[in-house]
Structures are given as C-alpha cells and as structure tokens.
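Good morning, and thank you for coming. I would like to take you through one protein structure, a few features at a time.

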Amino acid sequence: MFTGNLGTWIVIFLVISPAVFYKSTSELDPRWAAKKRRMSEKVRKMFYHAYDSYMTYAFPHDELKPLSKTYTDSLVELGNLKLEHLPNYYNGSALTLIESLSSLVIMGNDTEFEKAVHWLSENLSLDVDARINLFECNIRLLGGLVSAHILATDSTNRLVQGIYKNQLLLLAEDLGRRFLPAFDTPTGLPYAWINLKYGVMENETTETSTSGCGSLILEMGALSRLTGDPRFESAALRALRKLWSMRSSLNLLGTTLDVETGEWIEYSSGIGAGVDSFYEYLIKAYILFGRDEFWRMFQSAYIAIQKYFRHGPWYHEADMRTGKATYWQLTSLQAFWPGVQVLVGDITAANSSHHEFFSVWERFGVLPERYLLDRQVLHPTEKYYPLRPELAESTYYLYHATKDPWFLEVGESIVDSLNLYTKVEGGFASVRDVSTMQLEDHQHSFFLAETCKYLYLLFNDSFLVDRNYIFTTEGHPLPVVSAWHERLPETYIPSNWTLVKRQPQAKRVSAMSLQLCPAKFLNSGQSNEQVESACHIPDVREDHRCFTDEDCGVDANTCRRRSCSMAGYCGLWLFI
C-alpha cells in the first residue's frame with residue numbers, strides 16, 4: 001500500500017498515538033481492569049432492565065412508561081411540544097426496539113438482534129397516517145435502520161445465513177422516500193414536519209431549527225451510498241449548503257428560520273438545543289465522506305464558536321449578527337461538545353468543559369436541562385433530566401483519547417446516579433425535577449440507543465477493536481470506509497485501514513486514531529511530505545495580530561494553543 005520504509009511509519013505511529021499500541025496505566029493496573037469488567041457488567045444489567053421492561057410492557061409501541069408499566073406512541077409527539085395534529089389510529093413503530101438494535105450488537109447479543117431484525121422485517125410498516133418531526137425520525141428511525149442493516153451484513157456473520165435479505169435497508173429506503181417531499185421548498189430547506197403517508201400537510205408551519213435542517217447528511221448520505229439512489233444525499237446536502245450560506249459575517253448561525261423565505265427567526269444561538277447536531281454533523285460528515293467542503297465549514301464554525309460563545313470553560317449564547325452574549329446558561333445538550341472537540345484533537349478545551357459539566361452533575365446528582373450560569377441556579381421551569389446521554393458520550397471520548405482513569409471514575413458516578421435516582425421496577429424513569437428527584441413516567445428510546453451504549457463502551461470497547469466507526473447524534477454506528485469517500489480527508493493518514501507490522505501479529509489501526517500531532521515529515525519514497533495535524537486552528541487574522549488569546553488558534557506542529565503576546569502577536573509564548 002505504501003512505498004518506502006515501513007519502519008518509518010511504525011515510529012511515526014508510536015509518536016502519534018502510543019495508546020494504539022501500548023496499554024495505559026488504567027488498563028495495565030489490575031485494579032482498573034477489574035473495575036472496567038465490573039462496571040461494564042453493571043451497565044449491561046442496566047440496559048437489559050430497560051430493554052426487557054420495554055419488551056414486556058410497551059413493545060411494539062414506541063416508548064415505555066416505566067412507572068405505570070405501560071406504553072406511549074411517542075414518535076408523533078417528539079418535538080411536538082403543543083401536541084398538535086396527533087393521529088387517531090397510530091399504534092407505534094417499535095421505536096425503542098429499532099433504537100436498541102446497535103446496542104444489542106455492541107453488547108454481543110446476536111440472538112436477540114436476529115429476533116428483532118426478523119420481527120421488523122415481517123411486521124414494520126411505515127405507510128402510516130402520522131405527522132412526524134423530520135429531524136427526530138431521521139436520527140432515530142432512519143439512522144437505526146441504516147446502522148442495523150450495516151451490522152447485519154458485515155463480515156461477522158452474526159445472522160443465520162440466508163435469513164436476511166436486506167429487509168432493513170428496504171425499510172430505510174421506503175422511509176427516505178417518504179422524507180423527500182419535505183425538501184420541496186423554494187430554498188431546499190426541509191419542512192420540520194411531514195406526514196409519512198400523505199406528505200407535507202396543508203398550512204404546515206414553515207418554521208424549523210438549524211439542527212432540524214442541517215443534521216440530515218449522515219443518515220441520508222449513508223442511505224444513498226447503500227442504495228445507489230443519490231436523491232437522499234443530494235437533498236440533505238442542498239439543505240446543508242443553503243443553511244451555511246445563511247451564516248452571518250461572523251460565521252455564526254441562528255437557531256430557528258423559515259424554510260420558505262430562508263430568513264432567520266431567532267438570531268440568538270449557541271452550541272445547545274436547536275443548533276448542536278449541526279456542528280457535530282459537519283465534522284462527522286467530513287470523516288465519513290471525505291469531502292473537504294465539510295471540513296472548511298466546520299473549521300470556520302469552530303473558530304467562531306471559540307471566539308464568540310466561549311467564556312472560560314463555559315459556552316454562552318450570542319447574537320449571530322453582533323457576537324454579543326445573549327443568554328448565560330448551561331443546557332444539558334451542550335455536554336456533547338467535548339466529544340466533538342476530541343475528534344479534532346482539542347483535548348485541553350474538551351477536558352476543561354467536561355470538568356465543569358461533571359461538577360454540575362455532582363452538585364445535583366444528574367445534569368439539569370438548563371442551569372443559569374450568571375446566577376448559578378437552576379432554570380425555574382426546565383429542571384428535568386430525561387436520561388440524556390451527552391455527558392456519558394463526552395466521557396467515553398475523553399477516556400479513549402487520554403486513557404486517564406479519572407474518566408472511569410466519572411463513568412462510575414454516572415452509572416451509580418442513574419441506578420440510585422432513576423431505576424424503578426418497570427425500567428428507568430426520567431427525572432421531572434432534579435432538586436427533588438421527583439420522577440416522570442417516561443423512558444426515552446435514546447437511553448438504550450446512547451446512554452447505556454456510551455457507558456458500556458467506556459468500560460468495554462471490544463466491539464471497536466479492528467473496526468472504525470463514527471456515531472450519529474443518536475449513537476448509531478456508521479463505518480468509515482474508503483468506498484464512501486470522494487477523497488480521503490487530508491488530515492488523516494491516506495488509508496482507511498492500515499496494517500502495521502507488530503510482533504507477533506499485525507495490528508489494524510483505525511484512521512480515527514491517526515490524527516497527526518505533531519506534524520511529521522512522512523517518507524513516501526519519492527518526496528518528504530508534511531502532513532498537517534487535525535487539531536490545527538489558524539489565527540483569526542492572517543498577519544497573526546491579536547488583541548486577546550481568543551484571536552489565536554492551535555499550532556499545527558505541536559497541537560498547543562497559541563496565546564497573544566503583550567506586543568499583540570499570536571505565538572507559543574507560554575512554551576518558550
């Protein structure tokens with residue numbers, strides 16, 4: 001695959017990511033190894049308590065009501081705060097089962113996975129008179145079906161040979177086709193709501209969110225690559241490009257907009273609800289599809305976020321037009337951000353924010369939906385915790401990036417809190433008020449799709465050995481394969497799977513592990529080519545002048561954050 005000296009590559013890999021080859025202290029120490037085994041088993045029991053309760057009391061409806069041990073057909077309610085236009089005869093789509101498929105595989109339960117695939121193949125119909133939220137249905141149903149199809153057809157032979165004939169892919173393709181009328185707007189931005197049977201309803205609202213129309217590219221892009229039908233990816237890509245063209249001169253976006261006019265409705269935004277997964281999908285689409293366009297968008301957006309939203313370890317909201325702070329609040333959805341920062345190598349910033357999120361978790365026992373940073377108090381009405389996964393997700397990413405055993409302790413604290421405060425006889429219940437720990441009769445499907453999954457992978461990542469995945473915003477794994485890349489990302493070694501000789505056997509290295517830091521000259525046998533680090537963020541000004549540290553980026557050669565000198569120039573002054 002490569003010309004030149006293989007030994008050079010091995011040395012570089014050892015410099016770049018020693019964790020790929022050598023076990024960390026937390027893995028060598030028998031105390032930590034025992035803790036990981038014990039905690040992974042504890043999380044497994046959590047998952048099956050939630051899953052078995054759903055299958056007993058709620059299946060084939062959408063989600064479980066664990067306190068009353070009954071069900072809710074909630075797919076039509078997701079994002080529908082006013083509960084408008086609810087159908088009369090909708091009886092659920094086995095939403096929690098679909099969301100659980102990849103978790104079953106990750107925990108090694110191929111038997112239950114096969115039973116679930118068989119039931120869905122025989123019984124699931126999406127030709128239903130149900131008005132659904134496009135974003136929620138995309139990340140939960142479409143993402144769950146696409147990911148499960150990939151897992152059902154990979155090389156592990158986890159299904160009995162001959163019983164699977166792409167039924168999940170056919171269901172996903174059918175669902176994707178039902179999405180397409182939502183994109184029939186003057187701007188190409190999709191309606192937030194669509195009826196799965198009849199399309200866009202008369203007098204449908206034209207308001208949507210940045211996440212709602214900018215977080216479709218992973219699932220719909222993967223569907224196009226699997227089916228050969230380009231319409232799904234084209235529709236999602238057109239919407240993403242249109243949305244990006246609506247950014248302000250500061251490279252900031254708002255929170256809500258009109259799909260017919262392309263005008264912003266809410267100019268204030270941050271990295272939380274209504275915007276979060278838009279940023280997440282830019283970097284993940286770059287990794288999954290290898291299109292430099294996605295990297296350029298993300299890099300510009302990342303610099304703007306760090307400049308206008310960041311305040312120490314916290315991120316407030318700001319007006320997209322002026323960059324002026326609007327709301328000083330933590331929202332639980334923001335806790336995904338350190339995980340995204342790990343993907344681009346900004347470990348210091350990720351670690352700083354993660355510590356603050358966890359400090360709030362420790363204060364209340366769980367993470368409240370909103371916390372007012374300027375007053376250091378709970379939001380008066382949004383005091384709930386619906387079993388969200390974002391803190392567990394970032395903990396998983398940071399542990400596997402650093403191998404710092406402190407993150408195992410964080411994970412254990414999260415697991416203990418969930419069992420102490422939310423576990424009931426009929427499953428796991430959401431917290432209505434974190435100040436009293438009063439419970440709410442709802443077990444969200446993402447508790448099985450994400451929360452349990454990330455906690456399990458924190459303590460047992462055996463599923464990821466010799467595999468290379470990214471996870472959607474709903475926690476569904478999609479493989480990073482060269483066949484899906486128009487061109488491989490320049491910031492990664494130009495190979496999806498790299499076999500490196502290591503005695504006594506070859507070690508397969510994930511491209512996600514090979515973010516180069518520091519930059520190195522790689523001997524290709526023809527010329528010395530310097531490969532730039534993925535963590536590189538340029539200074540705001542090309543002449544490197546600055547007023548504050550926020551005007552300075554991250555150095556390409558060392559991955560260290562640059563600072564502003566007294567003379568007004570960015571550089572590595574703290575390290576001289």
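This is a predicted model: local features need pLDDT of at least 70, side-chain atom pairs count only at pLDDT 80 or more; totals for chains, interfaces and linings use all residues.

First, the overall picture. The protein has 18 helices and 26 strands. Of its 576 residues, 60% are buried. If we take the contacts between residues at least 6 apart in sequence, 67% of them join residues at least 24 apart.

Now to the sheet for which the definition was needed. In general, strands of a sheet pair through backbone hydrogen bonds, either parallel or antiparallel. Here we have an open sheet of three strands in the order 12-13-14, and the pairing is antiparallel. Strand 12, residues 329-331, and strand 14, residues 377-378, are the edge strands, each pairing on one side only. Between strand 13, residues 370-372, and strand 14 there are two bridges, in the antiparallel sense. Which residue of strand 14 is the bridge partner of L372? The partner is V377. Lying across strand 12, strand 13 and strand 14 is helix 15, residues 347-364, which runs at about 80 degrees to strand 12.

As a general remark, nonpolar side chains tend to be buried together in soluble globular proteins. The largest nonpolar core in this model holds 163 residues, and those that touch the most other members are F113, I132, Y279, I283, F309 and W337. Helix 7, residues 134-153, supplies the largest share of this core, namely twelve residues. What does F113 touch, leaving aside residues up to four places away in sequence? Its contacts are L101, L104, V105, A148, L151, A152, R158 and L159.

Next, the aromatic residues. A pair of aromatic rings is described by the distance of the centres and the angle of the planes. The structure holds 26 aromatic pairs. One of them joins F278 and Y279: the centres are 5.3 Å apart and the planes are 65 degrees apart, an edge-to-face arrangement. Both F278 and Y279 are buried. These two residues also belong to one aromatic cluster, together with Y286, W295, F298, Y302, Y315, F336 and W337.

Finally, some details of the backbone. F59 and P60 are joined by a cis peptide bond, with omega at about 5 degrees. P60 is found in the loop between helix 4, residues 30-57, and strand 1, residues 63-65.

Two further residues have a positive phi although neither is a glycine: A94, at about 55 degrees, and N203, at about 60 degrees. A94 has its place in the loop between strand 2, residues 70-72, and helix 5, residues 95-106. N203 lies in the loop between strand 4, residues 193-195, and strand 5, residues 207-209. Is each of them buried or exposed? A94 counts as buried because its relative accessible area is 0%. N203 counts as exposed because its relative accessible area is 74%.

Thank you for your attention.

Technical notes: Residues are numbered from 1 along each chain as its sequence is written. Side-chain values use heavy atoms; hydrogens and water are left out. Rings of Phe, Tyr and Trp (its six-membered ring) pair if their centres lie within 6.5 Å; planes under 30 degrees apart count as stacked, over 60 as edge-to-face and the rest as tilted. Buried means under 20% relative accessible area, exposed over 50%, partly exposed in between (1.4 Å probe, protein chains only). Two strands pair if DSSP finds at least two bridges between them. Helices (H or I, at least four residues) and strands (E, at least two) are DSSP runs, numbered from the N terminus. Contact means heavy atoms within 4.5 Å. Axes are lines fitted to C-alpha atoms, for helices over the stretch in contact, and angles run from 0 to 180 degrees between N-to-C directions. A nonpolar core is a set of buried Ala, Val, Leu, Ile, Met, Phe, Trp, Tyr and Cys residues joined through side-chain atoms within 4.5 Å.
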